[in-house]
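Thanks for asking me to look this over. My notes follow below as numbered points, with the structure placed ahead of them.

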Amino acid sequence: MSEDNVIRDKAERIRDVIRYIKRFKNAIVIIYIDDQIIDSPLFLSHIKDICLIHEAGLKVIMVPGSSRRIDQILTASGITWTTHNNYRITQDEAMPLIKMAAFDVSNQIMTAFAGEKITAVIGNWVRARGKGVIDGFDYGTIGQIDKLEVESIKTILDNGFIPIFPCIGWSVAGKPYNISSIQLAQQIAIGLQADKLFYLVPDASISKKNFSIPTSIGLSPEGTVPAMNLEELDLFIKSNNHSVNSPNSNEHLVVSENVSREKIFSLLKLSKEACSSGVSRAHILNGSQEGCVPCEIFSDLGSGTMIYSNNYGKIREMKRNDIAAVLSVMKPFVDSGILLPRTKQMLQEQFPFYIVYELDGAIRACASLIPYRDGQMEIAGVAVDKTCSHIGIGPKMIEFLVKRAQQMHAKSVFLLTTQTADWFEHLGFVQADIESLPQKRKESWNPKRGSKVLRLNTI
């Protein structure tokens, strides 16, 4: 890589960070942190990163998992329990110990923040009621969230503090109940209409190694799913539903010794419900990776899997003030000879023909559809930023332009290429003769460049 390209890549990463800091200033971020991470060597590193995003102007709320600590304290006290539908079932005598364990973990979080000179507070902002008897089964000390003290929480955030939520809720009469931390994080996010809900879980990687990934869902270079909208998430769940629910597929349920596929599916479903209820984005992060939190917030593709309902990536018409960004996206392809050079003046003249792909406010791809008098249309100027080249943006752009050509009653759609014929052929284009080009385009064809003509015959 040339020195110019190295500098360009560094500058682009810095621009991304600045852009996201501006975008998410004062954003509300709910972070569930699994207790396996709290007990791991990476815990303090994650706390430092969370402090950095807090200092960058994001409003952070912490919801720690406490299952392991509750196990330890109940076992040490000789109290047994059972599980039912993934809930811990205990008698009332266990509740004081459960409450002690939950606050012990929250105090551990608060102490870690104090070590970074960040003020966090633990509070009882959750009103709960007993889950009760369902289908004849008594859930005992398990509670359901009844109400959040939203205004109190917002006041704490506005004062620059980080609220920490133990997995305990209180009834109107002051009776404590044990509630699910991952569900609590979701309900807080919904109640506050949070910008982000993070599930920080060890080894929670959604990749082609552990799941069946539909071909329409883009992958990162590492083979992980960087983002899914709700429609894609439904498709993903449907594609993997049999292996999760089948009683004969237990050997496939483990992603690692730290997390099961079943737990990841629970997080995905909670994320879907959150995004369907007004939360902007939910993120499942591999907490075994150092730095995953700031990478997820301050970069386009992040480090985990993001679930979103809208306003992340979109195709739109190119505007005049997009020209500089489009030229920047095109530059590597021009340098390698894949694209012919374009100038600012050329794009100013042709911008009505162009579309762009905008990812969180940044232009990451472009393409154009140019009409000719004989009814043919040319797809040209296709470029996708290399950081996004594996997540399916290119095919989406081509599909969009082909549909547009159909709506405009094009007789046929063609393109010219020197190095990307295989990619376009995979999308359904076939080689054609130069003589089939419109006269105007035939006159500008350069035999020294030797571009191939590919045509889509399904218009």
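1. Where is the place of Gly337? Gly337 sits in the loop between α11 (323-335) and α12 (344-350). Please keep in mind throughout that this is a predicted model. Gly337 counts as partly exposed, because its relative accessibility is 22%, and the cut-off for buried is under 20%. Setting aside neighbours within four places in sequence, the contacts of Gly337 are Thr418, Gln419 and Arg449. With Arg449, the separation along the sequence is 112 residues, while the C-alpha to C-alpha distance is 9.4 Å.

2. Helix α4 spans residues 67-76, and its buried residues are Ile70, Ile73 and Leu74. Why do these count as being on the same side of α4? They cover an arc of only 95° around the axis, and that places them on the same side of the helix. Just after α4 comes Gly78, with a positive phi of about 75°.

3. Phe236 counts as buried because its relative accessible area is 0%. Not counting residues up to four places away in sequence, Phe236 touches Ile206, Phe211, Ser212, Ile213, Pro214, Ile217, Met228, Phe265 and Leu268.

4. On to the rings. How many aromatic pairs are there? The count comes to twelve. In one of these, Phe236 and Phe265 are stacked, at 5.9 Å centre to centre and with 20° between the planes. This pair links distant parts of the chain, with Phe236 in helix α8 and Phe265 in helix α9, 29 residues apart. Phe265 is buried too, at a relative accessible area of 3%. For Phe424 and Phe429, the ring centres are 5.8 Å apart and the planes stand at 80°, so this pair is edge-to-face. Both Phe424 and Phe429 are buried. Elsewhere, ring pairs join Tyr87, Phe137 and Tyr139 into a cluster.

5. Arg88 has its charged end over the ring of Trp81, 4.9 Å from the ring centre. Lys131 lies over the face of Tyr139, a member of the ring cluster in the previous point, at 5.3 Å from the ring centre.

6. What about the cysteines? The structure holds zero disulfides. Cys51 is buried, with a relative accessible area of 3%, and Cys275 counts as buried at 5% relative accessibility.

7. Last, two backbone angles for your checklist. Gln193 is not a glycine, yet has a positive phi of about 50°. Gln193 lies in the loop between α7 and β13 and counts as partly exposed at 44% relative accessibility. His409, also not a glycine, has a positive phi of about 60°. The loop that holds His409 runs between α13 (393-407) and β23 (412-417). Is His409 buried or exposed? With a relative accessible area of 69%, His409 is exposed.

Methods:
Residues numbered from 1 in each chain as written. Predicted model: local features only at pLDDT ≥ 70, side-chain atom pairs only at ≥ 80, totals over all residues. Heavy atoms only, no water. Buried < 20%, exposed > 50% of the residue type's maximum accessible area, 1.4 Å probe, protein only. Helix = DSSP H or I, 4+ residues; strand = E, 2+ residues; numbered from the N terminus. Arc of directions from axis to C-beta. Contact = heavy atoms within 4.5 Å. Phe/Tyr/Trp six-rings, centres within 6.5 Å; stacked < 30°, edge-to-face > 60°. Lys NZ or Arg CZ within 6 Å of the ring centre and 35° of its normal. Disulfide = S-S within 2.5 Å.
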